[in-house]
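Here are my notes for a first reading of this model. Please keep the sequence and the 3D view open beside them, and take the points in order.

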Amino acid sequence: MNQPDNEIGTQGGRKMEIERKWLFDIQLPLPEETGAILISEYLYDQGYISTIPEVRVRKKSDINGENDDYVLCIKSKGNLSRIEVEKSLTCEEFLQLLEVGRITEKDLIKKHCYNYQLKTGEILAIGYCDIENDPFIYG
């Protein structure tokens with residue numbers, strides 16, 4: 001868990017993502033007594049253009065809803081590890097892809113992500129997600 005997102009590696013020169021996520025029943029942000037130090041916090045709006053193959057667009061903002069980054073992400077099939085290709089987008093390209101995918105504001109998945117440094121020095125990435133009024137916390 002040394003990286004803020006899923007563990008990334010390479011295989012044959014290709015970027016690989018190792019999918020390891022767990023559901024948590026915890027309070028966010030983490031209480032001080034855990035000893036975990038909040039090092040970054042982001043908001044994501046994510047929409048799926050396709051699920052096979054997985055093609056999604058994502059807007060990442062800082063906690064104030066500013067400093068937006070836009071990304072197109074394509075992932076291969078796979079269970080534990082998958083090839084992942086990411087391409088930075090402009091805001092205009094992001095909006096065009098939302099239109100192409102017929103993704104409306106209500107279709108976007110909203111995530112609130114926290115990255116903590118643990119006492120061991122490792123990074124714990126935790127996300128809060130609310131899909132159709134069914135919130136869950138994962139990491």
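1. The largest nonpolar core has nine residues in all, namely Val 55, Val 57, Tyr 70, Leu 72, Leu 89, Phe 94, Leu 98, Ile 103 and Leu 108. A nonpolar core is here a set of buried Ala, Val, Leu, Ile, Met, Phe, Trp, Tyr and Cys residues joined through side-chain atoms within 4.5 Å, where buried means under 20% relative accessible area, exposed over 50% and partly exposed in between, with a 1.4 Å probe and protein chains only. Two or more residues of this core come from each of β5, β6 (69-75) and α1 (91-100); helices (H or I, at least four residues) and strands (E, at least two) are DSSP runs, numbered from the N terminus. A second, separate core of eight residues includes Ala 36, Tyr 114, Tyr 116 and Ile 137.

2. A word on the basis of these notes: the model is predicted, so that local features need pLDDT of at least 70 and side-chain atom pairs count only at pLDDT 80 or more, while totals for chains, interfaces and linings use all residues. Residues are numbered from 1 along each chain as its sequence is written, and side-chain values use heavy atoms, with hydrogens and water left out.

3. β5 and β6 pair in the antiparallel sense over seven bridges, pairing being called when DSSP finds at least two bridges between two strands. They form a hairpin with six residues between them, and Gly 65 in the turn has a positive phi of about 75°. β6 also pairs with strand β7 (residues 81-89), again in the antiparallel sense, over six bridges. Five of the seven residues of β6 are buried, so this strand is largely enclosed by the rest of the structure.

4. Glu 54 lies in strand β5 (residues 54-62) and is buried, with a relative accessible area of 13%. Its side chain makes a polar contact with the side chain of Arg 82 at 3.2 Å; such a contact is a pair of N or O atoms within 3.5 Å, where, within protein, one must be able to donate a hydrogen and the other to accept it, and residues adjacent in sequence count only if both atoms are side-chain atoms.

5. Which residue has its charged end over the ring of Tyr 42? The residue is Lys 60, whose charged end sits 3.9 Å from the ring centre; the rule asks for NZ of Lys or CZ of Arg within 6 Å of the ring centre and within 35 degrees of the ring normal.
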